[in-house]
Amino acid sequence: MRLKLGIPSKGRLQDETIAWFGARGVTIARSGAGREYAGRVEGAPELSLVLLAAAEIPGELAAGRLDLGVTGQDLVREEIPSWAERLEELAEMGFGFADLVVAAPAFWIDVRDMSDLDAVAAAFRARHGRRLRVATKYRRLAREFFRRHGVADYALVDSAGATEASVKNLAAEAIVDITSTGETLRDNHLRVLDDGVILRSQATLYSSRVARDTPERRALRAALSARLGLAAPASA
Amino acid sequence: MVADRPCPHAARLGPGLARLGAEVARIVAALGRGADYVELAALQPADVLLDLYGEDIRARAFVTADDGAEMMLRPDFTVPIVGLHMETGRARGAYVYCGPVWRRQDGGSDRAREYLQAGVELFGADDPAAADAEALRRVLDALGEAPVDLVVGDLGLPLAVIDALDTTDARKAALRRHLWRPARFHVMLERYGARQGDVAAGRAGLIAAVAAGRAGALMAAAGAPVGARGEDEVLDRLERLRIEAATPPLDPAAVAGLEAVLGVAGPAPAALGRLREIARGLPGLAPAAARLDARLDAIAARGVEPGELRFEGSFGRTTLEYYDGFVFGAVARGRPDLPPIASGGRYDTLTAILGGGRGVPAVGGIVRPEALAALTEGAT
């Protein structure tokens, strides 16, 4: 048998994943033309390769259909309840950096932190008769963060497309979204709150704790960890 | 038998179901003396609950939708029954019910996602102490001889102290709003009390700019005015921040007193004595303590020994913000695997919110028949 490794099926995340494995002596070659979702591994007989959309990888790991996978911490924490029980972070890979942040209009000079946002939400509701809307694609992480900061009187709304534009488009009053340089936020007249960083995310190699544990699988995991120069796997 | 379990997985059948049915009939009879039996649709409009509880309820209830409005699988009976009663326009009313409720649980949780809830709601009683005692009495009758520990509390105590604080209405409103979020409440007390100077100093530059009339210019320099919250709202809040910075910190004795009220714990009569001591130095508390006294008398008059009730000053603060007076709960003695068997309390404010400002006094309680059956059958 081989361990099934899922990596992003396209884009920069895939290129950097291939480079990361390459630097550790494991060559990942895409077979066929660029749009074909297939590939093979050289230099690691314990691995077989699956190419998947990055957003699908957390679910496949949590279901145990992948043994290993490369995806963003933001996606894992958002999509997998009690993720740490089902997935293990083997290595942070040093690329795919993205911060999940709370941002509000920059001209709100009365709002610096989450405490201010909470006070504004109360006043907004009293004035407008509805809750302050926060647009996001990260409902779980946003809700947990707002609860931890004791923010009330807000409502999360799904953002279909560009979350940063939802304030300008009057679809929301504030947003929770990922940002890497902050440039898009500034372009949309938004500013990150002082204590508004929910998560500093990067591409990470995960292993599934759900995949059935056998002596053979443990041996393969140990061999892979040695090859990649990772700490020995935690007892799975 | 599946129905013997507190939380049946997918079905109830056979003799277990028959026993559960008999148990439900007994519970409904005990709760519902003279009350109207009411059944509610399982699918309830989501907007009412979302407006009341926001994202917290979304995390705790099943939300669904078709081409029409968003619906929620009934997470609770009380809110729709309040709506029902307020529509009748009657001052008084008493309702009893039993049916399944649905709650979302975290992945991996073995807590029930569907379970029966039986309950009673009493509206419009002239004597709140008597109505509180009546709700508790009915729930205790439904519990019968089940081995439970009873806890009572009274959110009217901290609310009365907050109302009597010698400070701005804005601070009182902020404290009232966060009573049900204990960690945040504690932070607010600090921000208005011991740390008020730090908070004001942290905003000194901004406050000075506001005082010098430069707020508009600062705002314009910070960015384009995007979104539904207007520049006037930012200016309004800046003015409130200026006032807050100039407001003296809360009296440390009042803050300590409020924390002490929330920390009171012990047999109800001893707790009342302790509250009376605290009330000697804490404005607003004495009338609320007198109401607790009257309630304990009413409870005793219905054959419940107040010494059997454990009082906890913070009880009811971590549930959905809903109860604003008397609160009570019953937990299975020696059975931490079971959920709370019964709970209830007073929710006058909720009726005013759902009644468009016109409220009626309201108190109610619920029992969980499956958990109760598991407890009593396990005990015999």
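How many residues does the contact take from chain B and from chain A? It takes 27 residues from chain B and 28 residues from chain A, where two residues are in contact if their C-beta atoms, placed from the backbone, lie within 7 Å.

This is a predicted model, in which local features need pLDDT of at least 70, side-chain atom pairs count only at pLDDT 80 or more, and totals for chains, interfaces and linings use all residues. Residues are numbered from 1 along each chain as its sequence is written, while chains are lettered from A and ligands numbered from 1 in the order in which they are written.

**View 1. The side of chain B that touches chain A.** Two or more residues each are given to this side by helix 3 (55-60), helix 8 (182-192), helix 11 (215-222) and helix 12 (231-246) of chain B, and the largest share, 5 residues, comes from helix 12 of chain B. Helices (H or I, at least four residues) and strands (E, at least two) are DSSP runs, numbered from the N terminus. By class, this side of chain B has 13 nonpolar, 6 polar and 8 charged residues.

**View 2. The domains of chain B.** Chain B is divided into domain 1 (2-145 + 364-379) and domain 2 (195-248), with bounds that come from an automatic or database domain assignment. The centres of these two domains of chain B, taken over C-alpha atoms, are separated by 47 Å.

**View 3. Chain A.** Chain A has 8 helices and 12 strands, and its C-alpha trace spans about 65 × 35 × 25 Å along its principal axes. Among contacts in chain A between residues at least 6 apart in sequence, 66% join residues at least 24 apart.

Definitions and conventions. Nonpolar A, V, L, I, M, F, W, Y, C, P; charged D, E, K, R; others polar.
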